[in-house]
Amino acid sequence: MKGKLVSHAKLQYYRHNYCLVCMTGMLGCRWHRYKQSTRDSRKRDLFWFSLFCLTFLYIIFYFYFWLIVKNSFDDLNWHMFGLLRTWVPWYRIILGLTCAVFAYFIIVMCLVLCHVLHGHQLYIHPVHIAVILFSLLGCVAITVAVELMWRSEWTLVLLSLRITGPFLQIGAVVLMTLMTWVISLQWFKLSHWALKLLWLTVYVAVMIGLYISPYFINSPCVTHADNLPSKPLVLAHRGASEILPENTLMAYEFAYQDGAYGVESDVQISLDCVPFILHDKSLERTTNIKDVFPDRVNDDPSSFNMSDLKTLNAGSWFIQNDPFWTAGDLTDAQRKQVANQTLPTLEELARLGRNYSVLMFDLLAPPQSHPCFKLSVNYTIQALTRAGFPLQNVWWLQTTFNNSRPTGVTVVGEYYNPVSSLRKANMSIVNVQYTELTDDQIEEYQASNISINMWTVNSEWMYSLCWCMGISSVTADSCHTLRHVQAPIWHLVPSSYLILWVTVDVLSAVIVITVFIVQRIRLYGTSFSPETISLNSAARSAQGHRSRNMKEKLLYNMTDGDLVEEVEARAAGHGGVVNQPASSYSMASINNDPYSSRYHNGNTFPDSKYEVE
């Protein structure tokens, strides 16, 4: 047909590289082979990659953070309940979201590393950029929220490093050693000596920091076996409250029968002067007061008679909310028994535990207008005496209101007080949260034979830390699991840990040096001269420049169908990437090309812009 060009060139077949297509498609949405590029990454690509790395480190930290604070996640849930007046499993939701985002960032990081290894342009699609920005803002918001509402958990994370630090250091060294192949490859590709010096300095500084970091990790679990302290005793926090509703006789009975050293509770005084067991200054969280007394939901528990309190159900909330994810493990008989629990009196609890060891409680002050305010201590002692509970086994937490100190009981100090003050008050036990004491204060108490009870300890790693630190006893929701721990989760003598530390560091250093040598030989051969390296760098730069110009020239002035056909033909045998060196083309080949008329039809290209050999 007249006017149409007919090509007799032999057809070339494109060999599909599906892995390459998936790699570029998932990161930059470049699913078509003619969109793939091995050109150098642009400055904005490097900026987004840097922001991605920063956010990834942030996500890694919070992934670790939420795993560690599982020790006290119940505090977060109930704190939010107090603010919103409705139950939501906040920890479970946040942990799930963090795991999902963490997995997403791992996938993206793998795609980025594949791009680097294959020499492709590091183009990140705007959708990924939006997720990165949203994740970064979310991490900042969570940081502010934790600082305002849950600041004690920063201390918990620092404490966790005394257990996990040695293994995190080994993991970090192994990871950086594995990354050396990619890092060294990119370092050798740098053409400017100043950039090479800068990034080499940064890399060496990071590796040296990782190598010597164990020197700054003070883990009490690195000690001789003879110096390992005795196992801490376990007190059940409000009973076995992780598997049964807190402050119920069922929870206390299970804790005693399971072998807990004692139980911890909170005592309040009813309007008719009966001491009863309840932690909150409201009945809303752990009873069905909304159904029984809907107009008194926010009233102080001490404004109720004991007969009214006994009409409330204190167990059904546990099955409905499942705060510790354990309600599903209850049998039908146990669920029926849980659903019939009521608020116990102190006398009932003392009668249940009089044959066991310790009962620790805090007497919460009723309002001063309460008829039993002045005699609340006396009513409490009378209830214990009627139950036949030995007063010397009562650990009476020091109260904050001005009632006379009871006689015959073991008075326990709260918060940190100097040894001299404890001696003056005739106290030999302190009950503190894990964030309240420093190592020096713990050593001060131990040297003076002051026993330390630490609350609230629910994780095995935290229990192991308390064990190695020499803590006498702990208060735990998970008493049923901690009591059966037979040894700290790990323990090494100093010489063994030193051998492990030095071995890992030396092996890493040897591998790093070897990888750099191998990469240098791969790229430049066995002979070394600065001129050769400089010429090779210049040649790679010029070749990339000419190949990009050739690619643009081939795509210019073509219809969409012709464009794809031509690019496929040029790309055949090159992995789907149009990046053929410019030296493989010649003006003669262009003139003999079926499409050459298009380049000589008034649409020639200036040589100053397109350098074609």
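**Close-up 1. The loop between strand 8 and helix 18.** In this predicted model, Thr 456 sits in the loop that runs between strand 8 (451-455) and helix 18 (460-469). The peptide bond joining Trp 455 to Thr 456 is cis, with omega of about -20 degrees. Most peptide bonds are trans, and most residues other than glycine have a negative phi.

**Close-up 2. The loop between helix 3 and helix 4.** Arg 85 is found in this loop. Arg 85 is not a glycine, yet its phi is positive, at about 60 degrees.

**Close-up 3. The second largest pocket.** The volume of this pocket is about 1100 Å³. Its lining consists of 50 residues, of which Asp 75, His 237, Arg 238, His 279 and Trp 455 are the closest to the centre. Helix 3 provides the largest share, 7 residues. By class, the lining of the second largest pocket has 14 nonpolar, 19 polar and 17 charged residues. Trp 455, listed among the residues closest to the pocket centre, is also one partner in the cis peptide bond with Thr 456.

**Close-up 4. Helix 2 against helix 4.** The axes of helix 2 (residues 43-68) and helix 4 (residues 90-118) come within 9 Å and cross at roughly 145 degrees. This crossing of helix 2 and helix 4 is left-handed. On the helix 2 side, the contact is made by Phe 49, Phe 52, Cys 53, Thr 55, Phe 56, Ile 59, Ile 60, Tyr 62, Phe 63, Trp 66 and Leu 67. On the helix 4 side, the contact residues are Tyr 91, Ile 94, Leu 95, Thr 98, Cys 99, Val 101, Phe 102, Phe 105, Ile 106, Val 108, Met 109 and Val 112. The contact of helix 2 with helix 4 has 21 nonpolar and 2 polar residues, and no charged residues.

**Close-up 5. Helix 7 against helix 8.** Helix 7 (residues 180-189) and helix 8 have axes that come within 10 Å and cross at roughly 160 degrees. Helix 7 is therefore roughly antiparallel to helix 8. Thr 180, Ile 183, Trp 187 and Phe 188 of helix 7 make the contact with Lys 196, Trp 199, Leu 200 and Tyr 203 of helix 8. By class, the contact of helix 7 with helix 8 has 6 nonpolar residues, 1 polar and 1 charged.

**Close-up 6. Helix 8 against helix 20.** Helix 8 (residues 193-212) and helix 20 (residues 494-524) have axes that come within 10 Å, with a crossing angle of roughly 160 degrees. The angle is over 145 degrees, so helix 8 is roughly antiparallel to helix 20. Helix 8 passes helix 20 in a right-handed crossing. From helix 8, Tyr 203, Met 207, Tyr 211 and Ile 212 meet Trp 501, Asp 505, Ser 508, Ala 509, Val 512 and Phe 516 of helix 20. The contact of helix 8 with helix 20 divides into 8 nonpolar, 1 polar and 1 charged residues. Tyr 203 of helix 8 takes part in the contact with helix 20 and in the contact with helix 7.

Methods:
Residues are numbered from 1 along each chain as its sequence is written. This is a predicted model: local features need pLDDT of at least 70, side-chain atom pairs count only at pLDDT 80 or more; totals for chains, interfaces and linings use all residues. Side-chain values use heavy atoms; hydrogens and water are left out. Axes are lines fitted to C-alpha atoms, for helices over the stretch in contact, and angles run from 0 to 180 degrees between N-to-C directions. Helices (H or I, at least four residues) and strands (E, at least two) are DSSP runs, numbered from the N terminus. Angles under 35 degrees count as roughly parallel, over 145 as roughly antiparallel, 65 to 115 as roughly perpendicular and the rest as oblique. A crossing is left-handed if the near helix is turned anticlockwise from the far one by less than a right angle, and right-handed if clockwise. Contact means heavy atoms within 4.5 Å. Ala, Val, Leu, Ile, Met, Phe, Trp, Tyr, Cys and Pro count as nonpolar, Asp, Glu, Lys and Arg as charged, and the others, Gly among them, as polar. On a 1 Å grid over the protein atoms alone, a cavity is a set of points where a 1.4 Å probe fits but cannot get out, and a pocket is an open set with protein on both sides within 12 Å along at least five of seven lines; lining residues have an atom within 4 Å of a point. Grid points are joined across faces, edges and corners, and a volume is the space filled by probe spheres set on the points.
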